[in-house]
Amino acid sequence: MIYTEICKLLNIKYPIFQGGMAQISDAKLAAAVSEAGGLGVIASGNSPPALVKSEIHKIRELTDKPFGVNVMLLSPHVEEVSQLFVEEKVPVIITGAGNPGKYMRIWKEAGIKVVPVVPSVAFAKHFEKLGADAIICEGTEAGGHVGEITTMCITPQVVDAVKIPVVAAGGIGDGRGIAAAFCLGAKGVQVGTRFILAKECRVHQNYKDKVIKANDTATVVTGRKTGHPVRVLKNRLANQFRELEKNNASVEEMEELGRGKLYQAAVLGDVVYGSVMSGQIAGLLSKEQSCKEIIVEMFEEAEKIMKNLAGGNNE
Ligand code: TUI
């Protein structure tokens with residue numbers, strides 16, 4: 001069994017987080033991951049606090065295992081959602097897409113474990129100082145809002161820069177990815193794209209099918225100019241973004257084009273003109289499985305690889 005500081009810190013069986021994916025990771029998916037021994041994460045995205053609250057209540061009905069909530073710091077509801085997490089005394093908060101500095105104190109005072117996602121060493125060091133319990137370093141292979149550095153390069157650099165445990169994210173889709181992350185010094189992994197294909201994931205079937213059909217070159221990063229670059233599967237919407245970029249369109253025009261598009265893809269199933277956020281590892285993924293099957297399969301494979309490496313058997 002791979003049992004690490006992350007398992008001990010969060011009281012989970014396997015050191016794996018399900019990535020908090022806006023419009024995709026609801027209480028049902030998160031509960032299934034937590035029940036299987038990982039850390040299920042409800043994504044609050046741009047949702048209003050009432051909806052986030054009902055998802056927190058739902059997961060508590062579905063599981064008594066630890067779970068996380070993800071706050072997307074670009075959300076217009078970030079203040080209320082941050083307060084809601086304190087009132088609800090959620091076990092773990094994962095932050096993304098920005099700087100959670102101003103909320104750290106109230107969360108820590110409420111006894112909540114806080115794990116920020118960072119795209120660079122400087123942010124990792126900063127959040128450690130502010131009291132983060134662990135850090136997720138996310139490489140540019142990930143889906144959705146991304147930084148510039150690859151998982152291969154950012155993980156060992158963050159590991160060397162902080163004392164708290166590091167969770168690697170971006171590009172991890174099977175046991176080989178887990179073993180690689182551990183070789184780089186991570187004490188856990190966060191996996192998003194593979195959980196899109198979980199049977200318990202209620203994203204529209206068209207979205208799942210597009211991830212299954214994707215190959216290694218199927219993703220592209222759009223909207224770099226807006227300051228919020230997003231990795232998506234190529235489609236007509238991605239082409240429209242590329243055209244705007246070529247024509248030096250304004251940030252406002254690009255933001256307007258992106259509005260509501262994740263909902264259009266994930267909930268309405270429009271994978272042609274909607275935003276189909278996905279990591280580069282989509283090309284490796286080919287089937288739907290239960291969360292339990294995903295986690296057990298990934299860790300069995302990782303353990304086998306790590307045992308062989310330790311024994312000098314590189315077949
Ligand atoms: O947050 C994510 N992934 C996301 S959020 C999202 S919703 C969205 N939709 C449209 C535009 C933008 C977002 C879809 N996918 N991953 C975690 C993550 N956080 N990746 C990178 C970062 C990050 C970036 C900058 C964390 C901190 C940070 O600080 C920089 C600053 O200047 O505050």
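User: Happy to start with the helices: at what angle do α6 and α7 pack?

Analyst: This is a predicted model, where local features need pLDDT of at least 70, side-chain atom pairs count only at pLDDT 80 or more, and totals for chains, interfaces and linings use all residues. Residues are numbered from 1 along each chain as its sequence is written, and side-chain values use heavy atoms, without hydrogens and water. Helix α6 spans residues 121-129 and helix α7 residues 151-161, with axes 9 Å apart; the angle between them is about 35°.

User: Which residues of α7 does α6 meet?

Analyst: Contact here means heavy atoms within 4.5 Å. From α6, the partners are V121, A124, K125 and E128. On the α7 side they are Q157, V158 and A161.

User: Nice! Turning to the ligand, which side chain has an N or O atom 3.0 Å from a ligand nitrogen atom?

Analyst: The ligand is surrounded by 14 residues, counted when a heavy atom lies within 4 Å. Backbone N or O atoms of A97 and H145 each lie 2.9 Å from a nitrogen atom of the ligand. The side chain at 3.0 Å belongs to E138.

User: How many residues of the shell around the ligand are nonpolar, and how many are polar or charged?

Analyst: Ala, Val, Leu, Ile, Met, Phe, Trp, Tyr, Cys and Pro count as nonpolar, Asp, Glu, Lys and Arg as charged, and the others, Gly among them, as polar. On that basis, the shell has eight nonpolar, five polar and one charged residues.

Terms used:
Polar contact = N/O pair within 3.5 Å; in protein donor to acceptor, adjacent residues only side chain to side chain. Axes fitted to C-alpha atoms, helices over the stretch in contact; angles between N-to-C directions. Helix = DSSP H or I, 4+ residues; strand = E, 2+ residues; numbered from the N terminus.
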